[in-house]
Amino acid sequence: MEEKTLKPKYLQIKDYFEKKIEDNDYANDGRLPSEREISEKFGVSRMTARNAILELVKDGSVYRKGANGTFVSQTKMKRNFFPMGGLSMHMKDSGIKDPVNKVLVFEKGEADCYVSKLLNANIGTVYYHMLRLRSGNGEPLALDETYINGEYVKGLEKYDFSKTSLWQKLTEAGEHKIVRGSNNIEIYFFDSREGKLLNIKKGEPGFKVSNINYDKYGNVIEHSTTLYRGDMFMFSYEVSID
């Protein structure tokens with residue numbers, strides 16, 4: 001700990017453990033030292049050690065489990081709405097390890113009333129439909145359902161999207177590449193099928209994010225809905241005043 005600082009010792013201890021957690025010296029659900037062990041390690045009172053732990057709990061970095069001790073909370077992936085980008089890119093930027101995309105559904109069809117409304121396209125327009133399970137750090141993280149206008153983006157059946165970035169293909173689609181989009185976010189409660197895929201209980205809260213992405217002509221190129229586990233994600237955005 002720093003001796004020549006005005007910061008109280010309990011906050012110095014808090015900072016120490018936050019850095020250890022950030023550096024993965026303590027794994028998710030890993031047990032922190034007890035108040036007694038902390039007080040002995042840093043030469044402080046039990047009260048000071050307790051206050052450091054309480055600050056970590058307040059910030060959500062750790063959780064207490066009765067007499068069993070204090071444990072590291074699950075790391076939440078920070079999903080920024082800006083800039084635009086695919087989920088795989090945001091996972092990489094957030095430090096998620098071993099990202100996995102599992103394609104559950106991939107199909108090509110002709111738009112019915114439902115799909116034509118999603119894509120603002122005529123009934124009968126060729127479209128692609130894909131459902132993917134997104135995982136990282138050894139955990140399922142999100143379900144991503146995407147509808148793509150096949151009139152403007154062609155040949156997607158050639159690719160294995162468990163290995164190929166869909167976002168990359170949609171931003172390389174010639175004059176119909178994606179150039180802008182809109183997002184909506186709302187609280188969502190998972191049903192039993194979704195819960196089973198994401199390894200959570202039915203009724204657990206999460207986030208539902210709807211994206212509509214357009215080309216430079218205003219055509220809807222992609223309409224996607226992603227369901228994020230609430231215990232694994234947090235959302236942020238930045239604004240500036242000119």
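**Exercise 1.** Work out the handedness of the crossing of α2 and α3, and say which residues make the contact.

*Solution.* The crossing of α2 and α3 is right-handed, meaning the near helix is turned clockwise from the far one by less than a right angle. On the α2 side the contact is made by E35, R36, I38 and S39, and on the α3 side by R46, A49, R50 and I53 (contact: heavy atoms within 4.5 Å). Sorted by class, that is three nonpolar, one polar and four charged residues; Ala, Val, Leu, Ile, Met, Phe, Trp, Tyr, Cys and Pro count as nonpolar, Asp, Glu, Lys and Arg as charged, and the others, Gly among them, as polar.

Next, the geometry. Helix α2 spans residues 35-42 and helix α3 residues 46-59, and their axes come within 8 Å and cross at roughly 115°. The axes are lines fitted to C-alpha atoms over the stretch in contact, with angles from 0 to 180 degrees between N-to-C directions. α2 and α3 are therefore roughly perpendicular to each other (65 to 115 degrees; under 35 is roughly parallel, over 145 roughly antiparallel, the rest oblique).

A word on the source: this is a predicted model, where local features need pLDDT of at least 70, side-chain atom pairs count only at pLDDT 80 or more, and totals for chains, interfaces and linings use all residues. Residues are numbered from 1 along each chain as its sequence is written, and side-chain values use heavy atoms, with hydrogens and water left out.

**Exercise 2.** How are α1 and α3 oriented to each other?

*Solution.* Start with the axes: those of helix α1 (residues 9-22) and α3 come within 8 Å and cross at roughly 50°. α1 and α3 are therefore oblique to each other, and their crossing is right-handed. K9, Y10, L11, I13, K14, F17 and E18 of α1 meet T48, N51, A52, E55, L56 and D59 of α3. That gives six nonpolar, two polar and five charged residues.

**Exercise 3.** Where are N120 and N199 found, and are they buried or exposed?

*Solution.* Most residues other than glycine have a negative phi. Phi of N120 is near 50°, a positive value, and phi of N199 is near 60°, also positive. N120 is found in the loop between α5 (113-119) and β5 (126-136), while N199 is in the loop between α7 (192-198) and β8 (205-214). With a relative accessible area of 66%, N120 is exposed (over 50%; buried is under 20%, partly exposed in between, 1.4 Å probe, protein chains only). N199 counts as exposed too, at 56%.

Notes:
Helices (H or I, at least four residues) and strands (E, at least two) are DSSP runs, numbered from the N terminus.
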